[in-house]
Amino acid sequence: MTRVASPTLPGRDDPVVFGAALHGWRAGRPVVACACNGKIEAPTIRAGAVAPPIAAWDFSREIGRARAIDTGPQGIHLTLVNTPMRGATGSNWDGSVESWKRDPSQYGAIHFHDDDMTDCRWDTSLGITPPAGVRSGFYVARMTADGILSDAPFFVSARPGDPRADVLLIAATATYMSYANTHIKFDSHNTENLYEAPTVLSEDELHLNEHRELGLSHYDTHADGSGVVYAGERRPMLNMRPGLYTFNYVNDTHIVQWLESSGFDHDVATDEDLHRHGRELLDGYRVVITGSHPEYCSTRMWDALHGYQQDGGRHMYLGGNGFYWRIAWSDEHPGVIENRRGISGVRTWEGEPGEHHLSFTGEPGGLWRTHGRAPQALVGTGFCATCFVRSTRFRRTEASRDPALAFVFEGLNSDVIGDFGYRGGGAAGLELDRWDANLGSPPGSVVLATSEDVGQGGLLTGEEFVTTTRAVDGAQNRRVRADMVYFTTPNGGAVWSVGSIAWATSLLWNGGANSVSQVTGNVLRRFLDPEPLSLLPPQGDAGRPLSQRSVPAEP
């Protein structure tokens, strides 16, 4: 929907509205109804059939902005409300370009939806000011009424350039937003296929299905069937809080509680902080921790983490399916991120031809892997399989016996790690990451442990095979696995990746007295120690899981 930013038409008091009908006014703001589903291109207003236009809007201009430009004499520019889709192909798109940056004239449409919602624009009724000196961290505002209890999450972030601890935990708020208010259990035919079980629905999910006015997730489609490319934080997000939605936010709270109970002082910042401040946010910390599922990552976020690692920073990646989709943050729509799905990747919808580039930046969207930056190049492992039926365990590799790696396994009396957990009964599950030199796992990276007994419930992701085959499950395909990987970086840096979302949800098993907690604590204590880490030479076969050694790659 759009409205006039300032001037009105001569002799009229009503604003100009496209994509909806003006229904009235409330608190000085227009209220609309009968919202449009579909594209609008090059609208004009004339006083007569042959008269020159009073206004003529060119939607191919300033595609990354929150306004639409009037090329007419009065300059009646339009303000875009709730982020209708820019970078949409126009009627003249001929397939000769795939990016609006190459030829904006072929992207003269805006795609409006009656369920666009990135900002509720509610008036503030209560403000909370954290006390001076409060620790950074995960917080909730708890609201109660008769028979009702509801938590509104918020984060207090560390100030860039002013670390209060040696450890920084990055809250994966881009991932939380992408999944916010998802209706995938109701709308996607893939859900029960992945779980191979009847769908379990929480009260919040039932409420969201009935109240879709609270906005959609990146996993949903609009009422007209087109994919949701924008997600915003200025709305209630019922699955981003403590409760029954046991994914993403809730899984990361296991890491928070483990750090607290294990006595590791730490700061917290968010994905948006990392995007806005880059290296300034990370510098000064000895260890940066990314959580159970940092799936969505902007270019600035990626570059900041990579630069930190290369300049001696130590990074612990405690999850799976991280650094997977390339996103963009809006500089004009506060708290809004953009994701374009298409070409490859595990996805619930696919964008239209010619519309795979991000409107906020012009960058190609989709998988980082598609654009030459597979997650393996950043953290040594990358997403390869889903495993929602049940979780399994890790087993140490022979390569992990190197004396330089003894610190990882100190205090363990078994080669089996994580045969327990709160998500599926093990530490290797939900979504799995694999070491792969062909995708950029660095020379010198070592697979310390790998999953076993994944079974038929583990399924390769689509980008992992090019021809449909029955041999895509963990019982038949050795690529379906989770790998724990370690490598050193220049200037004393290092990276440790666990290869599984379920790892985080095994940390607190048995009150934290378990092998997953022990290994994680061993690595964190060693990474906090400024003593230089032993450099590891290129490993060749020694860095590969036993099942891969001297075996030709699969077709």
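A cavity, on a 1 Å grid over the protein atoms alone, is a set of points where a 1.4 Å probe fits but cannot get out, and its lining residues have an atom within 4 Å of a point. This is a predicted model, in which local features need pLDDT of at least 70 and side-chain atom pairs count only at pLDDT 80 or more, while totals for chains, interfaces and linings use all residues. Residues are numbered from 1 along each chain as its sequence is written, and side-chain values use heavy atoms, with hydrogens and water left out.

**Cavities**

- The count comes to 6 cavities of 30 Å³ or more, where grid points are joined across faces, edges and corners and a volume is the space filled by probe spheres set on the points.
- The largest cavity holds about 70 Å³ of space, and the residues that line it include Asp115, Asp116, His222 and Tyr230.
- The second largest cavity holds about 60 Å³, and its lining includes Ile170, Asp271, Tyr296, Met301 and Phe323.

**Strands**

- Strand β13 (residues 167-171) pairs with β15 in the parallel sense over 4 bridges, pairing being assigned if DSSP finds at least two bridges between two strands.
- Leu169 stands opposite Val268 in β15.
- From strand β15 (residues 267-270), Asp267 and Ala269 point one way and Val268 and Thr270 the other way, and all are buried, that is, under 20% relative accessible area with a 1.4 Å probe and protein chains only.

Terms used. On a 1 Å grid over the protein atoms alone, a cavity is a set of points where a 1.4 Å probe fits but cannot get out, and a pocket is an open set with protein on both sides within 12 Å along at least five of seven lines; lining residues have an atom within 4 Å of a point. Buried means under 20% relative accessible area, exposed over 50%, partly exposed in between (1.4 Å probe, protein chains only). Helices (H or I, at least four residues) and strands (E, at least two) are DSSP runs, numbered from the N terminus.
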